[in-house]
Amino acid sequence: MKEYYIDYQSAKPVDPRVVEEMTPYFTERFGNPASLHAPGDRATAVLDQCRARVAGFIGAAPEEIIFTSGATESNNIALIGYANKNKRTGNHIIISEVEHISIHNIAKFLEKNGFRISKVPPDQFGRINPEKIRSRISDDTILVSVGWGSSEIGTVQDIKRIAAILEGTGAALHVDAVAVEGLIPIDISTTAIHLLTLSSNDIYGPQGLGALYIRKGVKLAPITMGGGQEMGLRSGTEPLALIAGMAAAADIATAEMVAEAKRLASMRNRLIEAVLATIPDSHLNGHPTERVPNNAHFRFEGIEGESLLLSLRDEGIAVSTGSACSSKTLEPSHTLLSCGLLHEEAHGSLEFTFGRWSKEEDVDRVMEVLPDIVLRLRRLSPLYTVN
Ligand code: PMP
């Protein structure tokens, strides 16, 4: 059966152009940048050049980028590293309620270790009102962490406004940019962001690699100990092939982002319009306009997202019920609950995310089968009366 992959948020294929650039670093161009011989020097040159390319992707300087094992590790180094380094200044940290699970769990860890955590609730669309952040800032606030976009409901935050509010308060701003990278241009030089998390796979680079932007002058305490690579903040031999892959992926994203975002938005908008027009009692989760261009997140009254997902799976369509990171738990999404949805409403949600190899026929295929699936499941549902 033909497969239709509409779950780019969970994992993306590596772009073949990226694979081509990575391949020599697995074999003949291998090397450890820490070595003092010629292959080591060559590895150092590649590492420096790749760091500059990833920095260029967000308008940063090369010395402001460290490579990590992925977005989760970048978030850990940013939050725990900043909190530990700056605990003499204050112990208060603000996050939003719509953060990725990694940020929530890091905040829980910091709370157990003596930090005070405030969580800012979103509006019904998942947007954080920057004034609500302002009202929670106190003299002991050292850090605010807000994701640029939600990889679940797609809502994009007004990061420029949040950064402006923090200026002069002494609190640093960490931004998890995973949901927007490669879809919305990021220019660190025009926004007062202190720490920014990137992932390689989210721009069609290899999995197992991420990066953390650390603004010049921002100090972090290391959270793992080792050989002192990556400014002492992420010890461990640098994986040259993965790093070359992320650099290639960043160059491609920079060159193609604007046209690709337009293409994805048009496909995604067609799906949203078709679903809302043809399926009664269906709703769009997240913000109607301030959302990443590739995300459509729906809720269907009276039925479970899991049943929908499995029925679509039978038709060869791969989608998600929400955050891939917690999709194997039966807990409803914390993001949807914080937007004010009831448990049963959160359970009736389904997420479509398009990407580089998505085609208009993916939308056609969904619309061919989804209305009938919804109707069939509603006929079986005690929570819904089909007229
Ligand atoms: N932040 C966001 C916004 C995410 O969506 C994810 C998951 N893709 C992560 C962080 C964690 O990424 P990883 O699992 O690659 O470490």
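Start by selecting helix H7 (240-278) and strand E12 (349-353): each of them supplies at least two residues of the lining of the largest cavity. Helices (H or I, at least four residues) and strands (E, at least two) are DSSP runs here, numbered from the N terminus. H7 is the top contributor to that lining, with 5 residues.

Before going further, some housekeeping. This is a predicted model, in which local features need pLDDT of at least 70 and side-chain atom pairs count only at pLDDT 80 or more, while totals for chains, interfaces and linings use all residues. Residues are numbered from 1 along each chain as its sequence is written, and side-chain values use heavy atoms, with hydrogens and water left out.

**Stop 1: the cavity**

The structure has 1 cavity of 30 Å³ or more. A cavity is a set of points, on a 1 Å grid over the protein atoms alone, where a 1.4 Å probe fits but cannot get out; lining residues have an atom within 4 Å of a point. Grid points are joined across faces, edges and corners, and the volume is the space filled by probe spheres set on the points. The largest cavity holds about 250 Å³ of space. Now select Lys 12, Glu 181, Leu 183, Asp 202 and Asn 294: of the 26 lining residues, these are the closest to its centre. Colour the lining by type and you get 11 nonpolar, 8 polar and 7 charged residues. In this scheme Ala, Val, Leu, Ile, Met, Phe, Trp, Tyr, Cys and Pro are nonpolar, Asp, Glu, Lys and Arg are charged, and the others, Gly among them, are polar.

**Stop 2: the ligand**

Which residues come nearest to the ligand? Of the 8 around it, pick Ala 71, Thr 72, His 100, Ser 151 and Asp 176; a residue is near if one of its heavy atoms lies within 4 Å. Helix H3 (residues 71-85) gives the largest share of this shell, 3 residues. By type, the shell splits into 3 nonpolar, 4 polar and 1 charged.

Zoom in on the ligand's oxygen atoms. For Thr 72, an N or O atom in the side chain is 2.7 Å from an oxygen atom of the ligand. Ala 71 uses its backbone instead, with a polar atom 3.5 Å from a ligand oxygen. On its own the ligand has 390 Å² of accessible area, and the protein covers 78% of that (Shrake-Rupley method, 1.4 Å probe).

**Stop 3**

Go to Thr 197 in strand E7 (residues 195-199). Thr 197 counts as buried because its relative accessibility is 0%; buried means under 20% relative accessible area, exposed over 50%, partly exposed in between (1.4 Å probe, protein chains only). Show side chains and you'll find Thr 197 in a polar contact with His 174 at 2.8 Å (a pair of N or O atoms within 3.5 Å; within protein, one must be able to donate a hydrogen and the other to accept it, and residues adjacent in sequence count only if both atoms are side-chain atoms).

Next, jump to Ala 43 in helix H2 (residues 38-57). Ala 43 is buried too, at 1%.

**Stop 4: two loop residues with positive phi**

Select Tyr 204, in the loop between E7 and strand E8 (210-214). Its phi is positive, about 70°, although Tyr 204 is not a glycine. At 8% relative accessibility, Tyr 204 is buried.

Finish at Met 231, in the loop between E8 and H7. Met 231 is not a glycine either, yet its phi is positive at about 60°. Buried or exposed? Met 231 is exposed, with a relative accessible area of 51%.

Methods: On a 1 Å grid over the protein atoms alone, a cavity is a set of points where a 1.4 Å probe fits but cannot get out, and a pocket is an open set with protein on both sides within 12 Å along at least five of seven lines; lining residues have an atom within 4 Å of a point.
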